[in-house]
Amino acid sequence: MPSAIVLSLNKFSDTGNILHLYTAEHGRMQYVVYGNKYKGILRPLSIIDFTTTRRNNAPNQLATIATCQLSNIHPITSSNNSLIINCISMFIAEVLTNTLRHPLSDQPLFDWLCDIIQHLHQDTDIQNIHLEFLIHFATLLGIGIDDTVHPDWLIAPHSRIERQKRLQDLCTYYQQHIEDFRQPKSLDVLMEVFD
């Protein structure tokens with residue numbers, strides 16, 4: 001079974017949802033999920049193993065998720081499901097949704113994202129993980145941050161005010177360097193969580 005990182009799940013009918021995934025083999029992909037069978041598994045940044053089906057008479061329609069389970073290859077050993085982790089997960093998933101738009105294979109990026117997700121769930125010191133993610137991800141996207149222009153961005157913030165300012169500055173940086181990048185809706189929620 002292929003593995004994927006859940007980016008978002010959007011309702012499109014009474015019984016169906018569009019599932020946006022990031023996979024190592026095909027990059028960003030979309031599938032249809034019917035019913036609520038996998039609702040507890042398909043949360044932002046869940047790492048899943050899945051199979052799909054496609055009707056033979058409708059090759060241009062989206063494939064449907066046939067089976068889905070939490071990944072055995074990239075297991076999340078912690079059951080930590082705190083408000084902070086959920087908010088950071090929503091934020092990172094939204095940034096990924098805004099930036100990873102194409103079906104392009106990138107195994108190193110997929111592996112790095114899985115490491116970030118596991119770090120988020122296993123470590124206790126995660127208050128700056130979303131900032132570290134934004135800085136490193138910018139490099140992977142080819143818009144790396146010039147440390148001579150922003151030397152303070154590479155130093156971990158110690159206060160709530162520093163953390164909030166850095167987060168706003170990094171989101172502005174992404175907006176300036178990535179076409180059609182929208183400020184994440186979850187940004188305000190994340191700022192409140194760390195308030």
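Me: Two strands pair if DSSP finds at least two bridges between them. In this predicted model, what makes E2 and strand E3 a pair?

Reply: Count the bridges. Eight bridges join E2 to E3 (residues 27-34). The cut-off is at least two bridges, so E2 and E3 pair. The two strands run antiparallel. Three residues lie between E2 and E3, and the two strands form a hairpin.

Me: How do you know that strand E1 and E2 pair?

Reply: Use the rule again. E1 (residues 3-11) and E2 share seven bridges, in the antiparallel sense. At least two are needed, so E1 and E2 pair as well. For example, valine 6 stands opposite leucine 21 in E2. A hairpin of four residues joins E1 to E2.

Me: Why is strand E2 called largely enclosed?

Reply: E2 covers residues 16-23, and eight of its eight residues are buried, so the rest of the structure largely encloses this strand. Buried means under 20% relative accessible area. Now look at both sides of E2. Gly16, Ile18, His20 and Tyr22 point one way, and all are buried. Asn17, Leu19, Leu21 and Thr23 point the other way, and these are buried too. In a regular strand, side chains alternate between the two faces of the sheet.

Me: What makes lysine 165 and aspartate 169 a salt bridge?

Reply: Their side chains meet at 2.9 Å, N to O. The limit is 4 Å, so the pair counts as a salt bridge. Side chains of opposite charge can pair when their charged atoms come close. Both residues lie in helix H4 (residues 160-177). They are four residues apart, about one turn of the helix. By this rule the count comes to one salt bridge.

Me: Why are lysine 165 and aspartate 169 called partly exposed?

Reply: Lysine 165 has 48% relative accessibility. Aspartate 169 has 24%. Buried needs under 20% and exposed needs over 50%, so both values fall in between.

Me: Why does arginine 166 have no salt bridge?

Reply: The nearest side chain of opposite charge is aspartate 152, 4.7 Å away. A polar atom of its side chain lies 3.3 Å from the backbone oxygen of tryptophan 153. Beyond its neighbours within four places in sequence, arginine 166 is in contact with Leu131, Asp152, Trp153, Ile155 and Pro157.

Me: How do you know that the reach of H4 is close to the one expected?

Reply: H4 has 18 residues. At 1.5 Å a residue, the expected value is 26 Å. From first C-alpha to last, H4 reaches 26 Å, close to that value. Its buried residues include Arg163, Leu167 and Tyr174. Among what covers the buried residues of H4 are helix H1 (83-99), helix H3 (129-140) and helix H5 (187-193).

Me: Why is isoleucine 145 called buried?

Reply: Isoleucine 145 has 13% relative accessibility. The cut-off is under 20%, so isoleucine 145 counts as buried. This residue sits in the loop between H3 and H4.

Me: What does isoleucine 145 touch?

Reply: Leaving out residues up to four places away in sequence, isoleucine 145 touches Ile135, Ala138, His150, Trp153, Leu170 and Tyr173. Take leucine 170. Isoleucine 145 and leucine 170 are 25 residues apart in sequence, and their C-alpha atoms are 9.4 Å apart in space.

Terms used
Residues are numbered from 1 along each chain as its sequence is written. This is a predicted model: local features need pLDDT of at least 70, side-chain atom pairs count only at pLDDT 80 or more; totals for chains, interfaces and linings use all residues. Side-chain values use heavy atoms; hydrogens and water are left out. Buried means under 20% relative accessible area, exposed over 50%, partly exposed in between (1.4 Å probe, protein chains only). Lys and Arg count as positive and Asp and Glu as negative; His and the chain ends are not counted. A polar contact is a pair of N or O atoms within 3.5 Å; within protein, one must be able to donate a hydrogen and the other to accept it, and residues adjacent in sequence count only if both atoms are side-chain atoms. Contact means heavy atoms within 4.5 Å. The expected span of a helix is 1.5 Å times one less than its number of residues.
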